[in-house]
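Here is a short tour of one protein model. Keep the sequence and the 3D view side by side as you read.

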Amino acid sequence: IYSPGENNGYWTHHASAKIREQLNGMQPENIDIEGIISRCSKEVHVSELFRVMESIGFNYGSAFRGLQQIHVGKGEAIAHISVTNGVNPEAYRVHPALLDAAFQALIVVASNSLERNAFSGPIFPVSIEKVRYQAAASGNFRAYIRVREGTGNSLMEGDVFLIDDAG
């Protein structure tokens, strides 16, 4: 992904990717939804998340409010995400607004708090190591988010799974 430079007309490189076909017989990771739900017992009210996000300058429009419910535990969360008005998920394998909703849940796990001082600045995904595609995320689904241990304070590594009710 490139964007034009400010003054000199040179293009700035932001990201790159390699796309390859998934090997036959490769099975998706089995996600134990009931186990996750039992570990993630604290509900974070989505309205409070958006209030905090607005206080640091992020004003999400209706298309980017697909995050409906989120429960957190230690280093993990499970969220319900649904299609909002104005979003046509059929045109994408994963609509950008739905993927953004999963990243919004990641913010909750990353911050460990919804207090304004918990954010030293905006939290953005800066790298995506791998994407595995099994089926389109085109309707209501869940996002399972887990933080990997021992990644340090300035950068966090984690996994985001978009899953159906079967896991």
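The charged end of Arg-65 sits over the ring of Phe-50, 4.3 Å from the ring centre. Such a placement requires NZ of Lys or CZ of Arg within 6 Å of the ring centre and within 35 degrees of the ring normal. The model is predicted, so local features need pLDDT of at least 70 and side-chain atom pairs pLDDT 80 or more, while totals for chains, interfaces and linings use all residues. Residues are numbered from 1 along each chain as its sequence is written, and side-chain values use heavy atoms, with hydrogens and water left out.

**Overall plan**

The protein has three helices and seven strands. Helices (H or I, at least four residues) and strands (E, at least two) are DSSP runs, numbered from the N terminus. Along the sequence, the pattern reads β-β-α-β-α-β-β-α-β-β. The protein has 167 residues, and buried residues make up 30% of them. Buried means under 20% relative accessible area, exposed means over 50%, and partly exposed lies in between (1.4 Å probe, protein chains only). Take the contacts between residues at least 6 apart in sequence: 59% of them join residues at least 24 apart. A contact means heavy atoms within 4.5 Å.

**The sheet**

Which strands form the open sheet, and in what order? Five strands do, in the order β3-β4-β5-β6-β7, and their pairing is antiparallel. Two strands pair if DSSP finds at least two bridges between them. β3 and β7 stand at the edges with a single partner strand each, so one side of each has no neighbour in the sheet. From one strand to the next, the twist averages 20 degrees. Strands of a sheet pair through backbone hydrogen bonds, either parallel or antiparallel.

Now look at β6. Six bridges join β5 (residues 76–81) to β6, and six bridges join β6 to β7. On the β7 side, Ile-145 has Val-160 as its bridge partner. β6 is mostly covered, with five of its seven residues buried.

**Helices on the sheet**

Helix α2 spans residues 46–55, and its buried residues are Val-46, Leu-49, Phe-50, Val-52 and Met-53. Seen down the axis of α2, these residues fall within an arc of 160 degrees, so they line one face of the helix. The arc is taken from the directions from the helix axis to the C-beta atoms. An α-helix has 3.6 residues a turn, so residues three or four places apart point the same way.

What do the buried residues of α2 pack against? They pack against β3 (42–44), β4 (67–73) and α3 (96–111). α2 lies across β3 and β4, running at about 95 degrees to β4. α3 lies across β3, β4, β5, β6 and β7, at about 40 degrees to β6. Axes are lines fitted to C-alpha atoms, for helices over the stretch in contact, and angles run from 0 to 180 degrees between N-to-C directions. Just after α2, Gly-57 takes a positive phi of about 105 degrees.

Ala-110 belongs to helix α3. At 29% relative accessibility, Ala-110 is partly exposed. Ala-110 and Glu-157 are 47 residues apart in sequence, yet 9.5 Å apart in space, C-alpha to C-alpha.

**Aromatic pairs**

Rings of Phe, Tyr and Trp (its six-membered ring) pair if their centres lie within 6.5 Å; planes under 30 degrees apart count as stacked, over 60 as edge-to-face and the rest as tilted. The count comes to three aromatic pairs. Two of the stacked pairs are listed here.

| Pair | Centre to centre | Between planes |
|---|---|---|
| Phe-58 and Tyr-60, stacked | 6.4 Å | 20 degrees |
| Tyr-144 and Phe-161, stacked | 5.9 Å | 20 degrees |

Tyr-144 is buried, with a relative accessible area of 6%. Phe-161 is also buried, at 18%.

Is Phe-58 buried or partly exposed? Phe-58 is partly exposed, because its relative accessibility is 21%. Tyr-60, at 18%, counts as buried. Phe-58 and Tyr-60 form one aromatic cluster with Phe-50. Phe-50 is also the residue whose ring lies under the charged end of Arg-65.
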